[in-house]
Amino acid sequence: MELKTPLYDCHVALGGKIVPFAGYLLPVQYPAGVIAEHMAVRTKCGLFDVSHMGEVIYEGPDALANINKILTNDYTKMDIGRVRYSLMCYDDGGVVDDLLVYKMGEEKYLIVVNAANRHKDVEWMKKHLFGEVRFSDISDQIAQIALQGPAADAIIAKLTADIPQKYYSFIDKVQIGGIESLLSQTGYTGERGYEIYVAAADAPAMWQQLLDAGADEGLVPCGLGARDTLRLEASMPLYGHEMDETISPLEAGLNFAVKLDKNFIGREALLAAGDPQRQRIGLKVLGRGIVREHQDVYAQGRLIGHSTSGTHCPYLGGAYAMALVESQSVQLGDKVEVDVRGRRIEAEVVPLPFYKRV
Amino acid sequence: MTNPSDYQYVRSHEWLCYVDKDTVRVGITDFAQKAMGDLVFVNLPQVGDMTTAGEPLCDVESVKSVEDIFSPVSGEITAVNEELADRPELINSAPYEAWIAEISNITDTEDLLDAAAYEAVCAEEE
């Protein structure tokens with residue numbers, strides 16, 4: 001039985017096509033369609049319900065020691081009001097989840113995790129608690145709305161003056177149109193934008209006032225379909241695709257978030273594995289067709305790996321895919337072939353990210 | 001959008017219309033294109049291939065997924081709509097004009113429905 005987010009009725013009223021996703025009923029698209037929603041985010045602005053994401057809190061004198069032990073990134077030097085990405089690994093170096101850590105206070109951290117992994121994550125986190133720390137899963141009390149696109153600044157400025165100025169920073173207890181919120185300059189689209197955390201009961205009012213404030217700026221509601229095409233176009237990794245229990249963060253190319261000079265769960269396995277045997281690459285499809293996940297990639301006739309995500313990227317106007325292949329089996333500019341349901345399609349190895357905001 | 005009354009339909013949401021007494025054009029219905037969403041690629045079948053009623057004729061890709069299109073008749077593919085290679089979105093904007101393949105020498109057909117019967121099928125699925 002799927003759960004509804006606090007915004008379910010808003011999605012139905014807007015004509016959203018509702019599908020089950022990660023245990024929730026969410027809109028995959030609205031009547032405008034995935035391409036129009038995608039283009040709105042690249043050129044104007046889009047509004048997403050991401051309330052399905054999970055939120056947990058570590059609080060207490062040993063909160064920092066706990067997260068530094070269980071996460072691959074280093075939180076020792078981090079200012080209050082900043083956000084930092086991390087992986088959480090198993091002992092064998094496989095990935096439990098990827099997540100964002102918000103430093104709320106010297107002894108308080110908010111962690112945002114993937115909806116599909118929430119229960120697994122909470123179990124793993126609880127199992128490894130030590131010292132003086134209080135842990136709580138507040139997912140069901142919190143709604144999250146993402147406002148993404150070049151017009152996001154103009155829209156949010158209509159509702160508050162307290163706007164975080166740096167990427168990956170946030171302000172807590174901001175009044176946005178009279179609703180207490182945590183306002184974060186983050187997102188999963190490759191575009192400038194904000195993520196707004198509110199109490200679940202305030203979500204419909206926040207959603208509506210954002211839509212109203214954005215009406216003159218071309219703001220449109222966007223579903224899961226556009227969320228996926230936008231993140232793929234911006235080459236952002238997705239758990240279960242670019243990394244999972246069997247793909248290490250180093251293979252996924254997420255070295256920037258793995259600090260091997262500190263101690264954390266999975267470190268020894270990552271060190272023992274040495275240089276990654278596989279690497280994440282970007283592919284631009286040259287032939288006719290769309291590469292999806294789990295399709296075999298061949299270089300000069302030899303199987304070198306498989307695609308992890310792929311779709312048509314509306315803003316770039318072509319089909320792109322990410323793939324996990326043997327390290328050093330290809331270089332930028334090389335041509336490879338992808339087996340798409342028995343048909344070999346040519347693709348070129350191109351730099352990541354495919355799309356970068358100017 | 002209304003389903004043309006001079007077309008025939010199958011339960012798997014394809015349409016056909018006769019262009020002469022032994023040749024049909026085949027496409028997908030408005031109901032089907034709405035369900036799939038924005039189409040971004042049509043993997044057109046090959047002229048000269050034989051196709052079998054109820055078996056996949058070709059596949060189309062939306063932004064989200066790939067979908068098989070089933071042949072409503074058995075016969076020989078005598079033409080494909082090359083315009084769809086560059087403009088798959090024509091299926092979204094004009095599903096009853098954007099034919100995919102022309103099939104001749106027809107030897108068998110699926111159970112064909114008229115527009116009213118097909119609309120009853122769609123109503124059940126909604």
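Two residues count as in contact if their C-beta atoms, placed from the backbone, lie within 7 Å. The model is predicted, with local features needing pLDDT of at least 70 and side-chain atom pairs counting only at pLDDT 80 or more, while totals for chains, interfaces and linings use all residues. Residues are numbered from 1 along each chain as its sequence is written, and chains are lettered from A and ligands numbered from 1 in the order in which they are written.

Start with the interface: select the 12 residues of chain A that are in contact with 10 residues of chain B. On the chain A side, helix H2 (34-43), helix H7 (224-233) and strand E17 (302-313) each supply at least two of the touching residues; helices (H or I, at least four residues) and strands (E, at least two) are DSSP runs, numbered from the N terminus. Colour this side of chain A by residue class and it divides into three nonpolar, seven polar and two charged residues, where Ala, Val, Leu, Ile, Met, Phe, Trp, Tyr, Cys and Pro count as nonpolar, Asp, Glu, Lys and Arg as charged, and the others, Gly among them, as polar.

Next, show the whole of chain A, which has eight helices and 20 strands. Its radius of gyration is 20 Å, close to the 21 Å that the globule rule gives for 358 residues, so chain A is as compact as a globular protein of that length; the radius is taken over C-alpha atoms, and the rule is 2.2 Å times the number of residues to the power 0.38. Buried residues make up 48% of the 358 residues in chain A, a residue being buried if 20 or more other C-beta atoms lie within 10 Å of its own, exposed if 12 or fewer, and partly exposed in between, with C-beta atoms placed from the backbone.

Within chain A, go to strand E11 (residues 170-176) and pick Lys173(A), which has a positive phi of about 55° although it is not a glycine. Lys173(A) is exposed, with 9 other C-beta atoms within 10 Å. Then move to the segment after strand E20 (343-350), where Pro353(A) is found; a cis peptide bond joins Leu352(A) to Pro353(A), with omega about -5°.

Finally, switch to chain B, whose secondary structure comes to four helices and nine strands, running β-β-β-α-β-β-β-β-β-α-α-β-α from the N terminus. In strand E9 (residues 101-109) of chain B, select Asn105(B), a residue other than glycine whose phi is positive, near 50°. Asn105(B) counts as partly exposed, with 13 C-beta neighbours inside 10 Å.
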